[in-house]
Amino acid sequence: MRRFSRLTVAGAATASLALTLSACGGTSTEAASSGSESRGDKGLAIAYDVGGKGDQSFNDAAYAGLERAEQEFGYETADVEPTEGETDADKTQRLVSLAKQGHNPVIGVGYAYATAVKEAAATYPDTTFGIVDDSTIDADNVADLVFSEEQASYLAGVAAAKSTKSDVVGFVGGVDIPLIHKFEAGFRQGVEDTDPKVKVLSQYLTQTAEEGGFSSPDKGRTAAESQIEKKADVVYQAAGLSGQGVIEAAAANKVWAIGVDSDQYRQEALGKYRDHILTSATKDVAKAVYNLAKSVEDGKPESGIVRGDLKTGEVGLADSNPKFKADTELQEAIETAKEKIISGGIKVRTS
Amino acid sequence: MKKFDKERVLLAVAGPVIALAVAFALTSVVLIASGKNPVEPYTLMFEQASFSDIQVLIINQASMYYIAALAVAVGFRMNLFNIGVDGQYQLAAMAAAIVGAHMDLPAVLQIPLLLLTAVLTGAFWSGIAGVLKVTRGVSEVVATIMLNAIATSVIGYLWLPSVFGVKVGNNNTTGEMAESGWVPGIDMGKAGEIYGLVILAVLLGVGYWVVLNRTRFGFDLRASGASESAAAASGVDPKRMVLTAMLISGGMAGLAGLPILLGDTHTYSLNFPTGIGFLGIGIALLGRNNPTGIAFAALLWAWLDKASPELDFHDYDKEIAVIMQGLIVLAVVVSYEAVREWGLRRQQRRVGAELAAGIVLGATDNTAQKAQKEVAGR
């Protein structure tokens, strides 16, 4: 008899699965559009990449752009964080939710949003979507906000090669992915072009972002310490929050660190170590985000590939450290390299 | 035998129900402590569950949780802790994606081939831990954790453009799979598509139950789990059982990523969901290693996942759902143990009472046997 009742239970489970299906009501999108006021009355919304707000780097830069747009245009904005291990369907859902609430533009921060932006853009053709760090989407209402990180990294390489005394410099990448390879490639080329004798050590903290390559200062510190032990006296990091550990290690050992994404010399959290931050290879995500919001506000939304490079000033090399600025020979070398890159005289590799 | 064993059902249901109630209550405490309405988040989340597009998301996600949890449960049933499900399913999904991108057979052959690839890859990966355990006595917990890390590195290697990787923008992928390997979904109109392989998850659940409860092998497996020495005395080769159980667990784990791979992404990229193997452990615990229980647990987990993002739009933090998931796992462990002891005490009292009443010897024997069986059934 027990066999029978157990089988019934198994059958009931299957049936309940099927039941959930047939019990479907309307979709959440339909419910919201009929319930709330009409759309198109809210401003910029951003959806963060893994790491989210507070990473002192990439996501925070996007938030800075959002704040600026909020102040300037006085409209309602939104920013939403992802969950761990989510699927493309979840990302799509997030973007669609934002669009359905009337946000315009809606920006996915990070290439991980590529599939989601593509689908959401097809569902909401009247909303402008943006995606940072991806150039694979080709739609009228999508702006691909990409950066030539390798150009800024090249300049960082020039600065490193000119500043090293031991002829060894280091690169610490957060996660072993194509985006970070661009930083390394540019840096390496910059060093080699300036002084072929200088050796570049390179290390990636983790294989995947889930393991914390962008969010573990301790991993960054260990990696930088081992490079410094091998005589590196300038360490360039492209590692998000982990980069703080790299800068800490450099300061502790009295060698140079080169920051990334924002001007890290000016960051309060890093104030203690600023004397050892030579410069930073900046990537102005804030400006790109703001520009897209402005273009929408002006009624001429950006679309297609919008590239930030040395020419537009959205990538560059910060010069807030007075010691760095005072070194005229170094500054000249950087200026020359910069002009050559802008004029096309130097082609910087991306991998 | 009685048609419906009330005692058994009561004990089986009490654990999860108490755990859920405690978890909900504690989450409400957290909400009150942070000065928020302790009820509204639940109403919002229940409302989400009534939308068809959210239902589709929940079912899709639950199918993967379900398979992963079954893989964990197979190990649990014989006291093996396969923490490596996470590495096994990711590696297996990648292997299937690579085979799918480089082979193009008719669908009737292609899909079985992909399933087989995934099963074999998963089984191979867990088999390493199994072989280490039976030959060198290495704890499977340690071995599978390490194999997870190695799997991540292997995946990183396979992603190299010089190996099997195809770069799409800033993303690593394995290239798009041949269309014959795509499993068509169940079209729900505007709500989206339910992965075709949800059916596979259901079949695996049925298969799990049949094998464990209706075959000699399943009996040996449960016996080994209850008492290895007793099983060995009755002629079960413990080493063979360990290895087989690990292989089955890994093979099942290999399938966990396929619903989304064959139903949606059609490539293994950096966006591929990770961590399902670890969630599977909690889900298997909550479901008490029972296929029906796990199904409910997987649906519950998926509901918390898919309904919580809406909270962000109503000034709540969606992390409430994560807190709740954590509390459920904690509460489950405590409440199962408490319920088990309570059940044992009840049983002892009853046996005591029956003995005191002076029942004939045969009937007493019967009760004692039953008691023993219930203990073994855990």
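Lys283(A) is buried, with a relative accessibility of 4%, where buried means under 20% relative accessible area, exposed over 50%, and partly exposed in between (1.4 Å probe, protein chains only). The model is a predicted one, in which local features need pLDDT of at least 70, side-chain atom pairs count only at pLDDT 80 or more, and totals for chains, interfaces and linings use all residues. Residues are numbered from 1 along each chain as its sequence is written, chains are lettered from A and ligands numbered from 1 in the order in which they are written, and side-chain values use heavy atoms, with hydrogens and water left out.

The side chain of Lys283(A) meets that of Glu149(A) in a salt bridge of 2.7 Å, N to O; a salt bridge is a side-chain nitrogen of Lys or Arg within 4 Å of a carboxyl oxygen of Asp or Glu. This pair links distant parts of the chain, since Glu149(A) lies in helix 6 (residues 149–163) of chain A and Lys283(A) in strand 10 (residues 277–283) of chain A, 134 residues apart. Helices (H or I, at least four residues) and strands (E, at least two) are DSSP runs, numbered from the N terminus. Glu149(A) is likewise buried, at a relative accessible area of 2%.

A further salt bridge joins Asp195(A) to Lys197(A), with the closest N and O atoms 3.7 Å apart. Asp195(A) is buried at 16% relative accessible area, whereas Lys197(A) is exposed at 63%. Salt bridges with shared partners also connect Asp133(A), Glu149(A), Lys182(A) and Lys283(A) into one network. In Arg94(A) and Glu86(A), which form another salt bridge, the closest N and O atoms are 2.6 Å apart. Arg94(A) is buried at 6% relative accessibility, and Glu86(A) is buried at 6%. Over all chains, the whole structure holds 18 salt bridges.

Helix packing was examined next. The axes of helix 4 (residues 85–102) and helix 12 (residues 276–286), both of chain B, come within 6 Å and cross at roughly 135°. Helix 4 of chain B is therefore oblique to helix 12 of chain B. Axes are lines fitted to C-alpha atoms, for helices over the stretch in contact, and angles run from 0 to 180 degrees between N-to-C directions. Angles under 35 degrees count as roughly parallel, over 145 as roughly antiparallel, 65 to 115 as roughly perpendicular and the rest as oblique.
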